Amino acid sequence: MYENIDFDQIDLSGPAPEQEPERQYYFMAIARELVRRQSEKLGRPLTACTTTFGCQMNARDSEKLEGILEAVGYQKSDSEDADFVIYNTCTVRENANLKVYGRLGQLGKRKKNHPGMKIALCGCMMQEPHVVEKLKKSYPFVDLIFGTHNIFKFAEYLEEILSGENRIVEIWEDTDKIVENLPVDRKYSFKSGVNIMFGCNNFCSYCIVPYVRGRERSRKPEEILAEVKRLVADGVVEVMLLGQNVNSYGKNLEHPMTFAQLLREVAKVEGLKRIRFMTSHPKDLSDELIQVMAEEPKICRHLHLPLQSGSSRILKLMNRRYTKEQYLELVDRIRKAVPDISLTTDIIVGFPGETEEDFQETLDVVRRVRYDSAFTFQYSRRSGTPAAALENQIPHEEVQRHFDQLLAEVQQIAREVCRRDEHTVQEVLVEEINEHDPSLVSGRLSNNTLVHFPGDASMIGTLQKVYLEESKGFYYMGSLVTEEK
Ligand code: SAH
Ligand code: SF4
Ligand code: F3S
């Protein structure tokens, strides 16, 4: 385990080990020395700033990047005036992409006034050859570019750019490798994401993720459980199991195992209080999973179940492999087994060929299911995906009109649904001091709804019983319930 690593004890006289993660420890030890020397020369600590775009998987990757930056001696900074700046990028929609280029332009200007500054780019955008071409040509000030499959080699690249002047660009097309036990710097002390699988095999026709994240690979259950236990020993009470499609966990393991079985094992970890997971593809959601959710109190009363469209015709074109009726039937089964569950979803508006009628089908599902919240997206054409080649791309004005209509509907329903626990006492995991009012703390219910109530910093990371006085639409105001003796 990396926590036990004493970097000063690593033998740097010989060549780098071939084995992982030892090889990366070796480069961390050298990079540490380089950072220490530079910092001595400047008479101040070196700083590093990580910016994350995209999903929870990327957020978790960034914690790993930050773990390495911390291990080699950088101080974390929120400012892009830092000595090392890295963008962990997302390319799921065009606007995620554009944001990166915009910010990168600014960063180039800063670098001119900051001798020794290093700029790195990684994440999903880097897996697209046309992006890398553009970066090489138009953004020559970027020192390091690597992709999603070789992220475990970050320490090695870091050492190389710190000891030389050359730009490094290394992208792997795919990998079957999972490197364990690299350092991680968690954002929260009391909750953490835990990868259970990488990649995606579903190829929904609009989606670029399978192309930039590669084929599905599950982590071994013993590695996952060891990580969860380590996290719990370190103060974590809530884990979020992460994968693009957690319901197909374990299929490619040497000893196959279902996601439901994994959940039962994780739930046995003593000291762990809450388990969340993300994302569940409706086509693979099993009765076994529904049963575990009903039986296991540690599993949170929340399920994110992306709908994408309510029209069976569009769902087929999207290659989602379920129909409107199957989705609704699945929701019924879940609600029957776990009546107080909160359901959330993702919906895309304006998929090629989507008609008024198709859109009405989506609204119909939204009205029937009554989601606690829904992320709504305008369809974004991603080159290389099958949907990008479809005729009948929808004009922007029409997409916008439907999008606005959907959002209004979703929000209206959410306001009604979210008050279901008003005037009851519920457990809240306190996450932070309220941003706007320091006399309040903010936390989440098992079903993920936000609650604000009077409290102090000592409560952060603890579960508290809170009376939910008033629903404000998407959150509650509450008050602490003191236990009667
Ligand atoms: N694996 C997850 C989703 C990951 S991407 C799942 O299958 O649910 C997160 C969301 O982005 C998707 O659910 C989808 O709603 C949205 N999305 C993906 N590709 C998109 C595109 N080309 N245009 C608009 N939204 C998209
Ligand atoms: Fe994309 Fe579909 Fe895979 Fe989700 S399941 S990441 S939407 S291809
Ligand atoms: Fe974006 Fe990559 Fe996640 S494309 S949504 S960061 S897997």
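Student: What should I know before reading the numbers?

Tutor: This is a predicted model, in which local features need pLDDT of at least 70 and side-chain atom pairs count only at pLDDT 80 or more, while totals for chains, interfaces and linings use all residues. Residues are numbered from 1 along each chain as its sequence is written, chains are lettered from A and ligands numbered from 1 in the order in which they are written, and side-chain values use heavy atoms, with hydrogens and water left out.

Student: How many residues surround ligand 1, and which are the closest?

Tutor: A residue is near a molecule if one of its heavy atoms lies within 4 Å of it. For ligand 1 there are 15 such residues, and the closest are Arg93, Gln244, Gln308, Asp346 and Ser380. By class, the shell has 6 nonpolar, 5 polar and 4 charged residues. Here Ala, Val, Leu, Ile, Met, Phe, Trp, Tyr, Cys and Pro count as nonpolar, Asp, Glu, Lys and Arg as charged, and the others, Gly among them, as polar.

Student: Which strands supply at least two residues each to that shell?

Tutor: Helices (H or I, at least four residues) and strands (E, at least two) are DSSP runs, numbered from the N terminus. The strands in question are strand 13 (342-349) and strand 14 (373-378).

Student: Which polar side-chain or backbone atoms lie beside the ligand's nitrogen and oxygen atoms?

Tutor: A polar contact is a pair of N or O atoms within 3.5 Å; within protein, one must be able to donate a hydrogen and the other to accept it, and residues adjacent in sequence count only if both atoms are side-chain atoms. An oxygen atom of ligand 1 is 2.9 Å from a side-chain N or O atom of Arg93. A nitrogen atom of ligand 1 has a polar backbone atom of Tyr206 at 3.0 Å, and a polar side-chain atom of Gln244 lies 2.8 Å from a nitrogen atom of the ligand. Taken alone, ligand 1 exposes 540 Å², of which the protein buries 90%. Accessible areas come from the Shrake-Rupley method with a 1.4 Å probe; for residues, only the protein chains shown count as cover.

Student: Where is Ser380, and is Ser380 buried or exposed?

Tutor: Buried means under 20% relative accessible area, exposed over 50%, and partly exposed in between (1.4 Å probe, protein chains only). Ser380 sits in the loop between strand 14 and helix 13 (396-417), and its relative accessibility of 13% makes it buried. Its side chain reaches the backbone nitrogen of Glu94 at 2.8 Å.

Student: Which residues are around ligand 2 and ligand 3?

Tutor: Around ligand 2 are Cys200, Asn202, Phe203, Cys204, Tyr206, Cys207, Val209, Pro210, Gln244, His281 and Arg320. That shell divides into 7 nonpolar, 3 polar and 1 charged. Around ligand 3 are Cys55, Asn58, Cys90, Thr91, Val92, Cys124, Arg213 and Gln244, and their classes are 4 nonpolar, 3 polar and 1 charged.

Student: Which side chains does Arg213 contact?

Tutor: Arg213 lies in helix 6 (residues 209-213) and is buried, at 9% relative accessibility. Its side chain joins that of Asn58 in a polar contact of 2.4 Å, and makes another with the side chain of Asp61 at 3.2 Å.

Student: Which peptide bonds are cis?

Tutor: One is the bond from Glu20 to Pro21, with omega near 5°; Pro21 is in the segment before helix 1 (22-42). Another runs from Met278 to Thr279, with omega near 0°. Thr279 is in the loop between strand 11 (274-278) and helix 9 (287-295).

Student: Where is Arg321, and what is its phi?

Tutor: Arg321 lies in the loop between helix 10 (312-317) and helix 11. Its phi is positive, about 65°, although Arg321 is not a glycine. Arg321 is partly exposed, with a relative accessible area of 47%.
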